[in-house]
Amino acid sequence: MLTNSLKIALRNLLKRKGFTALNVTGLAIGVTCCLLIFQYVSYERSYDTFQKNAGRIVRVWLDQYKQGTLSYQSATTYPAIGPTMKRDYPEVENYCRLKDNNLLLSNENVNVKFNETKGYYADTSAINMLGVQLVKGSGSASLSGPDKMIISESMAKKYFGSDDALNKKLTVRSQNLVEYYEVTGVFKDYPTNSHLIINYLVSYATLEKELRVSGDTSNEVNTSFGWYDFYTYLQLKPGTDLEKFRAKLPAFTNKYINSSEWRKTNNVKADLYVMPLSDIYLNSNFNQEAEANGNGNSVKFMFIIGFIIMAIAWINYINLSTARSVERAKEVGVRKVLGAGQTGLVRQFMFESLLLNLSAVAIAAMIVATLTPAFNTLMALETIKGFEMSGKYWLLFAGIFAAGSLMSGLYPSIVLSNYKPIAVLKGAFKNTSGGLMLRKGLIILQFSISVILIAGTIIVYQQVQFMRNQQLGANINQTLVLNGAQSVGDSTYQDVMQPFKTDLLRQPGIKSMAASTNVMGQEIYWTGGVISLDHRDLGAITLYTLGIDYDFIPQFELKLAAGRNFSRDYKTDNRAAILNENAAQQLGFKNAEQALNKKIVRSSHDTLTVVGVIHDFHHLGLQKPIDPQIILLRPNVRNEYSIKLQTADIHNTVAFIQSTWNKYFPNDPFSYFFLDEQFNQQYKQDLQFGKVFTMFAFLAILIACFGLLGLSAYNILQRTKEIGIRKVLGASVPNVLFILSKDFLWLVTLAFVIAAPISWWLMHSWLQGFAYRININWWVFAVAGLFAVVIALGTISYQAIKAALANPVRSLRTE
């Protein structure tokens, strides 16, 4: 029986090659898109799941309020939280703290030196809690005691030529200070699908020692509830109810944090929350994130698009199969007369559907194998070798495919098998109105989705271009940024820095040079409360601090709203400050001029005079709001050196900068980047999303066109006699074309009416993730609707024109 069913199915599919080709092509494209999207979603949702106890680990985050208004949300918190929670709450099994730790490291035996930025001071518990897999070393004891560090295998090879680094020393330079860290462990390179990049960990005891050496005897690194630079992870005991644990956090916060006199006086309140480890990458976008995280909404959009594309392909199958019902009615009638039952007919038609779907899957598998490398490159999934998808998503795909194949095959099968043989064989059978309404409804659904995707593509493109082309308020073009020199002490720094700067400025390819703690595109971690003595009632306002030299403001062409830049002519400028407009407003000043010469007090008890106010500029990408900034004069600042270049002969200019650097700073590695390229990296994920959204939107529309093409061709075939009669009675080609097209155009118009508000709501929700965003214009939906009409007309026009131009005599002979 199976062999017989297979023969009949193959005969029917090969007999109608056009129908089969359209369906198989549409389904193959749909399956390909679905598999590629599911691979991407699987990877994005796999972050941090490699850790053994990932389901029991949470990260604490901090919300800070000022006078009831949210000031900021921070991924980092206070160092006392971990040990205090472990002491107070039996649910907390363990904790670990990380604090970023940038190092100038070298192996002086082989003259290898690098600026390292992807490492942390860490508690001993971090090794087990964060899934650090030691290949050499003695577990958590590797981080017991000061001046100890563990490094990745790649880092070991970089400094020692192999992973044989155990018990060897690395030199750490920081201004006049030279220390030696012992390598007490080597671990496997940390997985890339983590919200952390860990190349090395330095013992927490090292941080404690360094603070004691610097004169801090208060043990703030363990007891502070005010220094919020520490990532805090909690490992909860098995069976802990996370919601009940969360409910205890407000009492903890009120007891240890909000009870301080400073917070009460300044009306500052903190709230603590916890987020499961596996949720961080896609759902956490706070200040001081360890790395740039993903976008959970974009991943959800892509996931939904995967479903939509498969649904469109199956809609095509249902539409074309039911439209062909008249053609197959006689076959059903004959088979019923010969004794075939409804169950047998349903089984036969379902078998055809399954064979068609499996053929599409086989073709899709070959397409996926071919496209996967290019797709992985496009989506920055280079770490994936070939096609990789978790078992959960394979099961999901299998379930969707099985359910879709069943549903898309079942309805046409039931429709066909229900035909009455006597009516069919007498020629009295016609398509039912119910079937016609279903097909129209499915076409409306397909083109509603198409309009939504077209409008979405336009809006995504507009938003990305808006962010990339918006004026920042600062000129970052033609700017090369050097990572600053760390090996020279403060006492001799200017003796080296000034000759270095003088030599550079003699080079014709260099316009200017400035130094700062941060440059545009780098998040500022230096924050503190600032009080205006004229508006004490406002309390302390959290400002983001930027330290600069005298040349920073003119070099980046920052515009002064009032006052002046720092100047060597004013000896008191070391006690001066420049605010941006946002900071001046939050401190209570009505305008920039009102802030001039006013006194402000920082949390370090420094009293400063405001000498200038600059217009707000975008220090970070337009996804984030402009923060209130205070700018301080720091002539010895050495974090970043910004060098403005001429456009000509950049290659030789960079070579000159490097040779000059090596002359003055031989103990510091030469490391640079171009500021505009680095700044635009903030838009990388949005650009990727825009490209992929556009690509899959195009494919979804293409699949919808396949269905419309087949349906219009079949509709025209059914109306061949009508077209002939109309032409005999004098109808022109344009008239015939209009008659054949109008029904479909009405459906597309109705689809537009349905899709426009849905599209607006979806894209409006998406845009809320950007602090600076476009306004959605009405013409976007008009263009989307017009484009859908053009697509529909283009799809059906060939068949319609062909039918309109046909000889009416030949048309009338067809029936």
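The model is predicted, so local features need pLDDT of at least 70 and side-chain atom pairs count only at pLDDT 80 or more, while totals for chains, interfaces and linings use all residues. Residues are numbered from 1 along each chain as its sequence is written, and side-chain values use heavy atoms, with hydrogens and water left out.

Within helix 3, Ile81, Gly82, Thr84 and Met85 are buried, where buried means under 20% relative accessible area, exposed over 50% and partly exposed in between (1.4 Å probe, protein chains only).

The axes of helix 3 (residues 81–88) and helix 9 (residues 249–256) come within 12 Å and cross at roughly 120°; axes are lines fitted to C-alpha atoms, for helices over the stretch in contact, and angles run from 0 to 180 degrees between N-to-C directions. Helix 3 and helix 9 are therefore oblique to each other, given that angles under 35 degrees count as roughly parallel, over 145 as roughly antiparallel, 65 to 115 as roughly perpendicular and the rest as oblique. On the helix 3 side, Ile81, Thr84, Met85, Arg87 and Asp88 meet Leu249, Phe252, Lys255 and Tyr256 of helix 9. By class, this contact has five nonpolar, one polar and three charged residues (Ala, Val, Leu, Ile, Met, Phe, Trp, Tyr, Cys and Pro count as nonpolar, Asp, Glu, Lys and Arg as charged, and the others, Gly among them, as polar).

Helix 2 (residues 17–44) is largely enclosed by the rest of the structure, because 24 of its 28 residues are buried.

Two loop residues complete the picture. Ile198, in the loop between strand 10 (177–187) and strand 11 (200–203), counts as buried at 1% relative accessibility. Apart from residues up to four places away in sequence, Ile198 touches Lys118, Tyr120, Leu130, Phe187 and Tyr190. Ile198 and Thr117 are 81 residues apart in sequence, yet their C-alpha atoms are 9.3 Å apart in space. Glu291 lies in the loop between helix 11 (280–283) and helix 12 (296–323) and is buried, with a relative accessible area of 16%. Its contacts, leaving aside neighbours within four places in sequence, are Lys118, His195, Leu196 and Ile197.

Note on methods:
Helices (H or I, at least four residues) and strands (E, at least two) are DSSP runs, numbered from the N terminus. Contact means heavy atoms within 4.5 Å.
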